[in-house]
Amino acid sequence: MNINEICDILRAELYNNGYEYGFSADGKRYLPDTSRGFDSEYYKLSCTIYTVQEPKATMDERLGTCIDAVVLMKHMLDELNVKSRIWLLHNKDKNKAHTILTFEAEGKTVYLELTPQFSKPWYGKQITFASEQEFIETYKNEWGDIYDVTNCVVIGEQPHFLLDKLN
């Protein structure tokens, strides 16, 4: 499969199906209310009751965080036998973190942002790098720290790989 075909498959699920940013816990949906800026109550809940969702639950609910989106993407790519990694971007100075996924195709490293936050200018667009090292250097310059957390993401558990980085 080429890069465009892979991206089209991922977009068909995550970009075109009306996913919302948030999570589900104990049968209840939690979505941030950003109408007045940062939602501190949602943030508190995401740090205390949120656990990484099963890909099927994310698809059924059409709801997920950046972590849930990349777990679903990785699941889909695994089914296609496409090598992928999950990364944690962390900016210590701003106390911000974001989880993203890259995959390998045509000898390149591809980043496709499909976290359901439509205001990002790069949402739904594929960014292609000549190598994984070029990707790492680009995001290290932009964010500060970048970690391969592929093996740290555990479905059904809190995302300690992320929570431990935030103050």
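Which side chain does Glu20 meet in a salt bridge? The partner is Arg29, at 2.5 Å from N to O; a salt bridge here puts a side-chain nitrogen of Lys or Arg within 4 Å of a carboxyl oxygen of Asp or Glu. Keep in mind that this is a predicted model, where local features need pLDDT of at least 70 and side-chain atom pairs count only at pLDDT 80 or more, while totals for chains, interfaces and linings use all residues. Residues are numbered from 1 along each chain as its sequence is written, and side-chain values use heavy atoms, with hydrogens and water left out.

**Helix H1**

- H1 runs over residues 3–14, and its 12 residues reach 16 Å from first C-alpha to last, close to the expected 16 Å (1.5 Å times one less than the number of residues).
- Helices (H or I, at least four residues) and strands (E, at least two) are DSSP runs, numbered from the N terminus.
- Ile3, Ile6, Cys7, Leu10, Arg11, Glu13 and Leu14 are the buried residues of H1 (buried is under 20% relative accessible area, exposed over 50%, partly exposed in between, with a 1.4 Å probe and protein chains only).
- These residues sit on the same side of H1, because they cover an arc of only 165 degrees around the axis (taken from the directions from the helix axis to the C-beta atoms).
- An α-helix has 3.6 residues a turn, so residues three or four places apart point the same way.
- What does that buried set pack against? The partners are helices H3 (55–61) and H4 (66–79), plus strands E6 (96–105), E7 (108–112) and E8 (126–129), with contact meaning heavy atoms within 4.5 Å.

**Salt bridges**

- The structure has 10 salt bridges.
- Side chains of opposite charge can pair when their charged atoms come close.
- Glu20 and Arg29 also belong to a salt-bridge network that takes in Glu61.
- Glu20 is partly exposed at 35% relative accessible area, and Arg29 is partly exposed at 34%.
- Asp33 pairs with Arg36, their closest N and O atoms being 3.8 Å apart.
- In that pair, Asp33 is partly exposed at 37%, whereas Arg36 is exposed at 75%.

**A pair within H4**

- Lys74 and Asp78 form a salt bridge at 3.2 Å, N to O.
- Both lie in helix H4, 4 residues apart, about one turn of the helix.
- Lys74 counts as buried at 17% relative accessibility, while Asp78 is partly exposed at 41%.
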